[in-house]
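Please look through the sequence and the model shown here before reading on.

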Amino acid sequence: MKRFDCLKVLAAEAKDALVVTSAGANNVEWNALRPSDGNFRVRTLGLASSIALGMALGLPNRKVICLDGDGSLLMNLCSLPTIALKNPRNLIHVLFDNEAYEASGSGATATGHGSDLVEIARAAGIKKALWARTVEEFTDATVAALRGSELTFIGAKIDLTRTEVPPYPVDEVENKYRFMRHVEKTENIQVLKTNLPASYS
């Protein structure tokens, strides 16, 4: 199964969901399919799940999707018990498992040697944690999660192949500010506050 085929399904169903993407090809493939200021690109391995959790808790009426990789999640397994404890009903955590640290040279991860991240998520307390082993199963799982109201962890075993797409169009700093302004506009809230210079305070 190819990640890009799964992402096509998700892009067709995601609507106005906020999407957090981990380092690697996740972010460029996703942005090629659904370019949006509602995409937040995480460049540090391991942080996507925690950032997505914070967003889901801060915006409880907005769907938040985390597009994670096995290498990234293995660097932050402690996020899973915290996610389970907080149990945000608007968070969908999608794990693309290609058994490699794709973003840093494609060295093998532990998932190719018996570690099962869906079982780990379930053991951490995430009740709805499942494998999608075909594009059809992935479609069913993501549609149900997007239309439902339950914390969901979806694992998808994928090939170690990338789809050629254009590079990400903006750097991390611009992406961050565009994303925050997008949240402000679509949620009608203020995220950023401009302080007056010290001489005027």
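Two strands are said to pair if DSSP finds at least two bridges between them, and strands themselves (E, at least two residues), like helices (H or I, at least four), are DSSP runs numbered from the N terminus. With that in mind, β4 and β8 are a pair that run parallel and are joined by six bridges. This is a predicted model, in which local features need pLDDT of at least 70 and side-chain atom pairs count only at pLDDT 80 or more, while totals for chains, interfaces and linings use all residues. Residues are numbered from 1 along each chain as its sequence is written, and side-chain values use heavy atoms, with hydrogens and water left out.

The protein as a whole contains eight helices and eight strands. Its radius of gyration, taken over C-alpha atoms, is 17 Å, close to the 17 Å that the globule rule (2.2 Å times the number of residues to the power 0.38) gives for 201 residues, so the protein is as compact as a globular protein of that length. Along the principal axes, the C-alpha trace spans about 60 × 35 × 30 Å. Of the 201 residues, 47% count as buried, where buried means under 20% relative accessible area, exposed means over 50%, and partly exposed lies in between (1.4 Å probe, protein chains only).

Now turn to the sheet, which is open, has six strands in the order β2-β1-β3-β4-β8-β7, and shows parallel pairing. The strands β2 (39-41) and β7 stand at the edges with a single partner strand each, so one side of each is left without a neighbour in the sheet. In general, strands of a sheet pair through backbone hydrogen bonds, either parallel or antiparallel. Here β3 and β4 run parallel and are joined by six bridges, with Cys-66 standing opposite His-93 in β4. His-93 in turn has Phe-153 of β8 as a bridge partner, and Phe-153 is also the bridge partner of Ala-129. The strands β7 and β8, which run parallel, are joined by five bridges.

Why can β8 be called largely enclosed by the rest of the structure? Five of its six residues are buried, and therefore the strand is largely enclosed. Leaving out residues up to four places away in sequence, Ile-154 is in contact (heavy atoms within 4.5 Å) with several residues, among them Val-94, Leu-130 and Phe-138. The C-alpha atoms of Ile-154 and Lys-128 are separated by 8.3 Å, although these two residues are 26 residues apart along the chain. Helix α7 (residues 135-147) lies across β3, β4, β7 and β8, and runs at about 165° to β8; such angles run from 0 to 180 degrees between N-to-C directions, with axes being lines fitted to C-alpha atoms, for helices over the stretch in contact.

Finally, consider the nonpolar cores, each a set of buried Ala, Val, Leu, Ile, Met, Phe, Trp, Tyr and Cys residues joined through side-chain atoms within 4.5 Å. The largest one has 28 residues, and those with the most contacts inside it are Val-20, Leu-91, Ile-126 and Phe-153. Several elements each supply at least two residues of this core, including β1 (18-21), β4 (91-97) and α8 (172-187), while α3 gives the most, with five residues. A second, separate core of 21 residues includes Ala-14, Leu-67, Phe-96 and Leu-146.
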